[in-house]
Amino acid sequence: MAATRPNRLFRNLTAKIAAIPMILTALVVFVGGTVWTVTYSFTSSKLLPKTKFVGLDQYERLWNTPRWLVSIENLLIYGICMMVLSLVIGFVLAALLDQKIRYENTFRTILLYPFALSFIVTGLVWQWLLNPDFGIQSVIQRLGWQSFDFDPLYNADIVIYGVLIAGLWQGSGLVMCLMLAGLRGIDQEIWKASRVDGIAAWKTYIFIVIPMMRPVFITTLVIIASGIVRLYDLIVAQTGGGPGIASDVPAKYVYDYMFQGQNLGQGFAASTMMLLAVLVIVVPWAYLEFGGKKRV
């Protein structure tokens, strides 16, 4: 007589018991903290949390604040440019390294090294490099090109692009590694077949390789997008939100209102809007990865 299979609930029981602390931590810390933040975003909390509900007043005040609108605009500019440029730069670098060049490990290490640095260090390094008195502008002017002008961190109209340069310098290496891993997973027979058929390399990349790397691209986009929403350290180290509020971002807005402006309600409202932004990223990704596939 065949042995009866254990109830599905009791399969891998040891692993399920071991996961209980992690599940409780997630429920209490993350879910509980999120519910607490959203709830108090509807209150008039100032220095300390209060239970006096004011409806949507905090959100109305938030969206009528010029500083918040500037921070949203900056995040959109930085986010769109970061996603597009880091993907393009990362993929091109990965495609070059995938050609089995000499000293590949050395080049890969050099390109990935900036990602090992903290955003604070990166911000300080690029603050120095973009300083017009002794940075890139000063060096080129001393070489004889006196008309050269490159000081984005001191120009309110383009300061966010100066921050973008630092972000791309640090993040493109990680994208390169992810793309390189995806390219190394492509069957070499595909490349051989494309060469036999006389298909140009760029056509092979665009019409065959990139579609096959769809999961890699989706995962990379989620990683980049999550970093964009959390953008804070780089701004603080590189510009401090200046000139004025020209380079402000939502995360800095939340910090300033909660810990410096002593306005918890406004900070909680801004945090909730950031949470919605994360959900806009995570939900489509989860659907594309799990919900959109037909199970056999």
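Colleague: In which helix is Ser194 found?

Modeller: The model discussed here is a predicted one. In this model, the residue lies within the run 188–196. That run is helix 9.

Colleague: Is Ser194 buried or exposed?

Modeller: The relative accessibility of Ser194 is 4%. Residues under 20% are classed as buried. Because its value is 4%, Ser194 counts as buried.

Colleague: With which residues is Ser194 in contact, leaving aside its neighbours within four places in sequence?

Modeller: Contact here requires heavy atoms within 4.5 Å. Once the neighbours within four places in sequence are set aside, the partners of Ser194 are Ile199 and Thr204.

Colleague: Where is Val163 placed, and is this residue buried or exposed?

Modeller: Val163 belongs to helix 8, which spans residues 159–184. Its relative accessibility is 0%, and the limit for a buried residue is under 20%. Val163 in helix 8 therefore counts as buried.

Colleague: How far apart in space are Val163 and Leu153, C-alpha to C-alpha?

Modeller: In sequence the two residues are 10 residues apart. Leu153 is also among the contacts of Val163 beyond four places in sequence, together with Tyr78, Leu234, Ile235, Gln238 and Thr239. From C-alpha to C-alpha, the separation of Val163 and Leu153 is 7.6 Å.

Colleague: How is helix 4 oriented relative to helix 8, and why?

Modeller: Helix 4, residues 66–97, packs against helix 8 with the axes 6 Å apart and at an angle of about 40°. Because of that angle, the arrangement of helix 4 relative to helix 8 is classed as oblique.

Colleague: What is the handedness of the crossing of helix 4 with helix 8, and how many nonpolar residues does their contact have?

Modeller: Helix 4 passes helix 8 in a right-handed crossing. By class, their contact includes 6 polar residues and 1 charged residue. The nonpolar residues in this contact number 22.

Technical notes
Residues numbered from 1 in each chain as written. Predicted model: local features only at pLDDT ≥ 70, side-chain atom pairs only at ≥ 80, totals over all residues. Heavy atoms only, no water. Helix = DSSP H or I, 4+ residues; strand = E, 2+ residues; numbered from the N terminus. Buried < 20%, exposed > 50% of the residue type's maximum accessible area, 1.4 Å probe, protein only. Axes fitted to C-alpha atoms, helices over the stretch in contact; angles between N-to-C directions. Parallel < 35°, antiparallel > 145°, perpendicular 65-115°, else oblique. Left-handed = near helix turned anticlockwise from the far one by under 90°. Nonpolar A, V, L, I, M, F, W, Y, C, P; charged D, E, K, R; others polar.
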